[in-house]
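User: I would like to learn how to read the overall features of a model before I turn to single residues. Could we begin with the surface?

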Amino acid sequence: MDPYSAEGELINIHNHFHQGQYQEVIDFDTSALSSENALPARVLQLRARVALGQAEDVLADVQGESEPELEAVGALAEQALGRSEAAVKTIQKLAETAADNATVQVVGGTVLQAAGNSEEALALLSQHQGNLEAVALIVQTHLQQNRNDLAVKEVAAARRWAQDSLLVNLAESWVGLRLGGEKYQQAFYVYEELAQAPATSSVRSLVSQAVAELHLGRTEEAEQALEQALKKEPEFAEAIANLLVLSVITGKDATEFTTSLAKVDPQHPFLTDLAEKSELFDKAATKYKAKVST
């Protein structure tokens with residue numbers, strides 16, 4: 001039996017992870033799991049700890065372990081600590097010796113894509129055998145490459161054999177937010193259902209709901225969802241970043257959120273992109289001189 005199927009042992013911890021409920025993953029009781037599912041559950045818990053900023057502890061936990069799954073998680077922790085080059089080297093070695101390992105494919109693909117090695121990531125992920133998490137990462141990678149067409153095809157193919165899987169619904173929603181139009185509303189339904197149900201709600205699903213609301217022009221509802229997210233986790237960078245965007249859209253002063261974001265995540269993509277754009281603007285401005293008419 002597939003441990004991630006509706007009847008499988010890992011369905012709940014797996015769903016917690018992909019719903020962004022990382023603390024629930026860490027707290028999940030794994031004592032009753034069968035021996036073959038103990039390692040996959042441990043991997044999910046270690047990945048959740050990395051997501052919650054505990055990369056140093058995770059690295060210490062897996063040090064000296066020989067399982068390729070745990071070596072891959074160690075690389076993920078290395079990358080979270082800013083040691084991207086070392087992380088990529090570890091994954092590249094694992095890709096030579098354990099490319100058929102599902103965890104190596106997924107975690108390795110995550111590390112490679114985050115390092116900007118999209119083609120390597122896709123080459124590793126494409127070796128999966130019916131792994132929905134690999135499918136979801138392939139979709140994310142194609143979207144980051146601005147290959148919406150390939151992302152659409154990947155989701156459509158997965159929908160044929162995975163039906164109403166959580167990961168397929170999420171992947172379809174990511175694509176919907178990129179395509180726009182009526183797809184915005186469809187994505188909103190998925191995120192709202194996750195965000196507003198107590199059993200599935202997380203700061204990440206609330207932010208996702210807010211993003212869908214923004215695309216639909218519902219700024220008040222977006223603000224409410226983002227405020228809900230910050231009540232759960234006051235320093236969640238993505239909530240702050242989207243409140244910053246919301247402030248700009250609605251014509252409000254965004255200084256407070258810019259300062260807050262710089263404090264909690266100085267290297268946040270929004271801030272680095274803003275700095276790059278500001279620098280380009282300043283360079284362009286030096287080419288022009290004001291003309292004074294007399």
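Analyst: Accessible areas come from the Shrake-Rupley method with a 1.4 Å probe. In this predicted model, the protein chain exposes about 16000 Å², and carbon and sulfur atoms supply 50% of that area.

User: What percentage of the 294 residues count as buried?

Analyst: A residue is called buried when its relative accessible area is under 20%. By that cut-off, 43% of the 294 residues of the protein chain count as buried.

User: Which secondary structure elements does the protein chain contain, helices or strands, and how does its radius of gyration relate to the globule rule?

Analyst: The protein chain has 17 helices and zero strands. Its radius of gyration is 21 Å, close to the 19 Å given by the globule rule for 294 residues, so the chain is as compact as a globular protein of that length. Along the principal axes, the C-alpha atoms fill a box of roughly 85 × 40 × 35 Å.

User: How far apart are the mean positions of the positive and negative charges?

Analyst: The protein chain carries 23 positive and 43 negative charges, and their mean positions lie 10 Å apart.

Notes:
Residues are numbered from 1 along each chain as its sequence is written. This is a predicted model: local features need pLDDT of at least 70, side-chain atom pairs count only at pLDDT 80 or more; totals for chains, interfaces and linings use all residues. Side-chain values use heavy atoms; hydrogens and water are left out. Helices (H or I, at least four residues) and strands (E, at least two) are DSSP runs, numbered from the N terminus. The radius of gyration is taken over C-alpha atoms; the globule rule is 2.2 Å times the number of residues to the power 0.38. Buried means under 20% relative accessible area, exposed over 50%, partly exposed in between (1.4 Å probe, protein chains only). Lys and Arg count as positive and Asp and Glu as negative; His and the chain ends are not counted. The place of a charge is taken as NZ of Lys, CZ of Arg, CG of Asp or CD of Glu.
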